[in-house]
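Here is a short briefing to read with the model open beside you. Take a look at the fold, then follow the topics below.

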Amino acid sequence: MAQYFDNVDLKSEIRKFSTSVLGKDFSFFTDNGVFCKEHLDFGTRLLLENIPWEEVKGKILDVGCGYGPIGIIASKITGQAQAVTMCDVNKRALHLAERNISENQTEGIVLESNCYENIFDTFDTIITNPPIRAGKKVVYEILLGAKKHLTSLGTLFLVIHKDQGAKSVLKELEKEYHVEVLKKNKGFFVIKCKIR
Ligand SMILES: C[S@@+](CC[C@H](N)C(=O)[O-])C[C@H]1O[C@@H](n2cnc3c(N)ncnc32)[C@H](O)[C@@H]1O
């Protein structure tokens with residue numbers, strides 16, 4: 001299947017891990033060349049465990065979905081499988097996200113998109129563990145660009161570490177959104193942003 005992917009030079013070694021989040025069990029296929037291939041990332045888990053899910057209704061977008069944990073877990077927790085869209089620039093990750101949707105018996109739309117380039121819809125909720133390694137420009141494009149892709153009462157949820165510039169990100173977010181820090185743990189900030 002290697003020809004399917006962008007990162008064809010990186011040997012494929014598909015593996016699978018199982019985990020439990022908020023009392024629900026999940027299994028994920030991962031591979032070389034995708035974010036956090038061995039286990040559910042600590043920041044992603046913290047984000048998922050601190051989103052007030054009772055507030056999350058309607059259409060959900062997971063930006064930088066990787067192998068799909070945020071979108072898939074969101075669809076299972078909210079019970080809104082058909083309303084979840086996931087996007088990423090990494091074709092290998094997108095392929096895994098599709099496989100993981102079936103593996104976890106849910107549904108979702110998986111799209112290749114550089115930030116919001118191929119996203120033409122608006123969403124009630126955008127959730128992201130942003131790609132710090134892609135650089136500040138991409139991170140801000142995802143976080144501030146969310147505003148154009150949220151409905152008027154929409155919410156952005158994100159996680160970021162203090163060593164990855166959480167404090168300066170917070171300052172920038174406060175210019176555009178009503179911002180609330182939902183949780184701080186081990187240097188990670190889980191942040192909720194509402195359109196002003
Ligand atoms: C920190 S990882 C999070 C992955 C996954 N959501 C998780 O929590 O495990 C960030 C993801 O953003 C993706 N990414 C990098 N640059 C991007 C861009 N310009 N547009 C969309 N996604 C991007 C990466 O490929 C990676 O999968």
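Helices (H or I, at least four residues) and strands (E, at least two) are DSSP runs, numbered from the N terminus. This is a predicted model, in which local features need pLDDT of at least 70, side-chain atom pairs count only at pLDDT 80 or more, and totals for chains, interfaces and linings use all residues. Residues are numbered from 1 along each chain as its sequence is written.

**Overall fold**

- The protein chain has 5 helices and 9 strands, and they follow one another as β-β-α-β-α-β-α-β-β-α-β-α-β-β.
- The radius of gyration is 16 Å, close to the 16 Å from the globule rule for 196 residues, so the protein chain is as compact as a globular protein of that length. Here the radius is taken over C-alpha atoms, and the rule is 2.2 Å times the number of residues to the power 0.38.
- Along its principal axes, the C-alpha trace spans about 45 × 35 × 35 Å.
- Of the 196 residues, 41% are buried. A residue is buried if 20 or more other C-beta atoms lie within 10 Å of its own, exposed if 12 or fewer, and partly exposed in between, with C-beta atoms placed from the backbone.
- Among contacts between residues at least 6 apart in sequence, 65% join residues at least 24 apart. Two residues are in contact if their C-beta atoms, placed from the backbone, lie within 7 Å.

**Around the ligand**

- The ligand is surrounded by 20 residues, and F35, T44, G64, G66 and P131 are the closest. A residue is near a molecule if its C-beta atom, placed from the backbone, lies within 6 Å of it.
- By class, this shell holds 12 nonpolar, 6 polar and 2 charged residues. Ala, Val, Leu, Ile, Met, Phe, Trp, Tyr, Cys and Pro count as nonpolar, Asp, Glu, Lys and Arg as charged, and the others, Gly among them, as polar.

**Covered helices**

- In helix α1 (residues 42-50), the buried residues include G43, T44, R45, L46, L47 and L48. Their cover includes β1 (15-21), α2 (69-78), β7 (150-161), β8 (177-185) and β9 (188-195).
- Helix α2 is mostly covered, with 7 of its 10 residues buried: P69, I70, G71, I72, I73, A74 and S75.
- After α2 comes G79, with a positive phi near 70°.

**The α4 and α5 pair**

- Helices α4 (residues 136-145) and α5 (residues 166-176) pack at an angle of about 30°, with their axes 10 Å apart. Axes are lines fitted to C-alpha atoms, for helices over the stretch in contact, and angles run from 0 to 180 degrees between N-to-C directions.
- On the α4 side, Y140, L143 and L144 meet V169, E172, L173 and E176 of α5. The residues of this contact divide into 5 nonpolar, no polar and 2 charged.
- Y140 counts as partly exposed because it has 16 C-beta neighbours inside 10 Å.

**Positive phi in loops**

- Most residues other than glycine have a negative phi.
- L22 has a positive phi near 50° and lies in the loop between β1 and β2 (24-30). With 12 other C-beta atoms within 10 Å, L22 is exposed.
- K186, in the loop between β8 and β9, has a positive phi of about 50° although it is not a glycine. K186 counts as exposed because it has 9 C-beta neighbours inside 10 Å.
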